[in-house]
Amino acid sequence: MHRTIRPLCRRSTYSGAVFAFIGAAMNVFLLPFALVPVGLWQVPSTSLRTALFAAAMVALIVLLGLPRATRLISVALANRLLGAELPEPAKRPRSRWSTRMRTAAWLQLHIGLGGLLAGLVLLLLMAGLVLPGTWLSGGDQIAYFGLSVDIVPGWRGAWVWPAAAAALVMSAQACATTTAFLRVMAQRLLGHSAAERLAELEERQLILAQRNRLAQELHDSIGHTLTASTIQAAVAGELLVADPDAARRALRSIEESSRSALDDLDHVLGALRDDASATVPDRTLANVHDLFERIRQAGAELQVDIAGDLAQVPATVSREAYRIVQEGLTNAMRHGDQAGPVTVTVRADLAWLEIVVVNAVSDRHSAATRTGGGRGLVGVTERVQLLRGEVMAGPAASDPIRPETTVPHPAGGYWKLVVRVPLRLAV
């Protein structure tokens with residue numbers, strides 16, 4: 001009994017019926033346009049007129065399904081009234097005509113089922129109202145679509161009440177069944193196709209990759225700035241009385257580094273907010289001398305060897321190479337021996353770009369005891385792999401840039417980062 005009356009209690013039954021009735025109303029809207037060809041052709045045969053009318057209706061529905069706005073409206077109505085939970089239609093589907101034809105098929109189904117359901121519900125509601133009304137008025141013989149029914153007064157005609165209730169339940173069940181069927185078909189005809197789901201997955205992967213890259217950019221920039229600023233602040237504090245000019249230079253360097261980091265931060269946050277006005281930092285190897293100067297101002301002993309024309313390095317490689325050098329120097333300042341030298345070599349020829357960063361390591365951060373690296377070294381490895389290059393990081397027995405150096409060998413040894421990137425594969 002509960003299963004019989006359950007459709008009467010479901011909200012989706014009535015919202016789905018409203019959706020179907022919208023399809024029935026579209027029949028009324030398209031009817032005059034479909035009758036125009038029949039009148040113009042003046043076909044004498046009834047069967048030909050019917051066929052021409054049906055063809056005109058199908059053609060009109062197909063044309064109605066071509067605009068993307070129709071699909072947007074159909075999806076919105078299906079989500080609102082059918083509870084279909086459909087995704088927003090793709091802005092650039094891979095197969096536009098396939099998508100349009102699926103929209104047209106959905107309209108055909110919506111309009112056709114809507115018309116059938118509206119007619120069936122109308123008949124059942126009329127039965128549910130006419131039968132009890134005739135019995136209450138004293139009984140009579142009624143003709144209902146070719147059927148003659150005698151309704152007598154009194155208890156012998158009381159059967160009209162369960163019949164009327166059955167008609168109402170049947171109308172609700174018809175609405176519920178139609179709603180469930182349309183919900184299933186909406187997923188197939190209005191949902192994303194296999195190609196669109198694949199494209200959506202690829203786009204999502206690209207977004208995740210971009211966010212991961214932005215996180216790495218933020219790590220490199222902010223990490224470098226904080227490391228350099230901490231060292232420069234300590235230097236400025238020590239020289240504030242003894243050498244005020246050097247202290248002021250250190251503070252200016254902190255200001256410049258912080259401003260550069262703020263630009264990077266603005267870019268990353270703007271990109272995450274999809275803000276088109278965000279500034280895009282494009283630091284390349286052309287800016288690497290400014291980076292070296294900030295490192296020297298932080299008090300580090302830096303030796304640089306640049307060979308080749310860095311301006312000929314492709315822009316993509318040049319941007320990544322700047323970040324690699326930046327991360328190498330950040331790690332040298334963070335984990336290296338502050339009293340020891342840092343050597344950087346950048347060599348570029350027609351085939352390869354090579355970057356080598358070597359720094360002395362204090363006894364506390366002994367190179368022999370270091371295993372792997374943190375997020376910075378992982379980021380360097382990811383950048384190099386994307387450029388199809390090679391990366392090696394680990395302890396070194398001596399400074400390979402200056403093997404003949406007279407500087408005493410540090411207690412912790414040396415740490416070396418070597419990156420080689422092919423330039424002929426860069427785009």
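Guide: Gladly; please keep in mind that this is a predicted model.

Visitor: Which residue is the bridge partner of Val 391 in β7?

Guide: Strand β7 covers residues 414–422 and is joined to β6 by 7 bridges, the two strands running antiparallel. Within β7, the residue bridged to Val 391 is Val 419.

Visitor: Which strands stand at the edges of the sheet, each with a single partner strand?

Guide: The sheet is open and has 5 strands with mixed pairing, in the order β3-β4-β5-β7-β6. Because an edge strand here has a single partner, one side of it is left without a neighbour in the sheet, and this applies to β3 (301–307) and β6 (390–396).

Visitor: Which strands does helix α10 touch as it packs on the sheet?

Guide: Helix α9 (residues 288–297) lies across β3 and β4 (341–348), and it runs at about 165° to β3. Helix α10 (residues 315–335) also packs on the sheet, with a direction that makes about 10° with that of β5 (352–360), and the strands touched by α10 are β3, β4, β5 and β7.

Visitor: Is α5 roughly parallel or roughly antiparallel to α6?

Guide: Helix α5 (residues 96–136) packs against helix α6 (residues 160–189) with the axes 8 Å apart and at an angle of about 170°. Since angles over 145 degrees fall in that class, α5 is to α6 roughly antiparallel.

Visitor: How many residues of the contact of α5 with α6 are nonpolar?

Guide: The contact of α5 with α6 also includes 3 polar and 2 charged residues. The nonpolar residues in this contact number 28.

Visitor: How many residues apart in sequence are the parts that the pair of Phe 19 and Trp 106 ties together?

Guide: The rings of Phe 19 and Trp 106 form a tilted aromatic pair, 5.9 Å centre to centre with 40° between the planes. Phe 19 counts as buried at 1% relative accessibility, and Trp 106 counts as buried at 0%. Because Phe 19 lies in helix α2 (residues 11–41) and Trp 106 in helix α5, the pair ties together parts whose separation in sequence is 87 residues.

Visitor: What kind of pair do the rings of Trp 135 and Trp 161 form?

Guide: Trp 135 lies in helix α5 and Trp 161 in helix α6, 26 residues apart, and Trp 161 is partly exposed, with a relative accessible area of 39%. The ring centres of Trp 135 and Trp 161 are 5.9 Å apart and their planes stand at 85°, so the pair is edge-to-face.

Key. Residues numbered from 1 in each chain as written. Predicted model: local features only at pLDDT ≥ 70, side-chain atom pairs only at ≥ 80, totals over all residues. Heavy atoms only, no water. Pairing = 2+ DSSP bridges. Helix = DSSP H or I, 4+ residues; strand = E, 2+ residues; numbered from the N terminus. Contact = heavy atoms within 4.5 Å. Axes fitted to C-alpha atoms, helices over the stretch in contact; angles between N-to-C directions. Parallel < 35°, antiparallel > 145°, perpendicular 65-115°, else oblique. Nonpolar A, V, L, I, M, F, W, Y, C, P; charged D, E, K, R; others polar. Phe/Tyr/Trp six-rings, centres within 6.5 Å; stacked < 30°, edge-to-face > 60°. Buried < 20%, exposed > 50% of the residue type's maximum accessible area, 1.4 Å probe, protein only.
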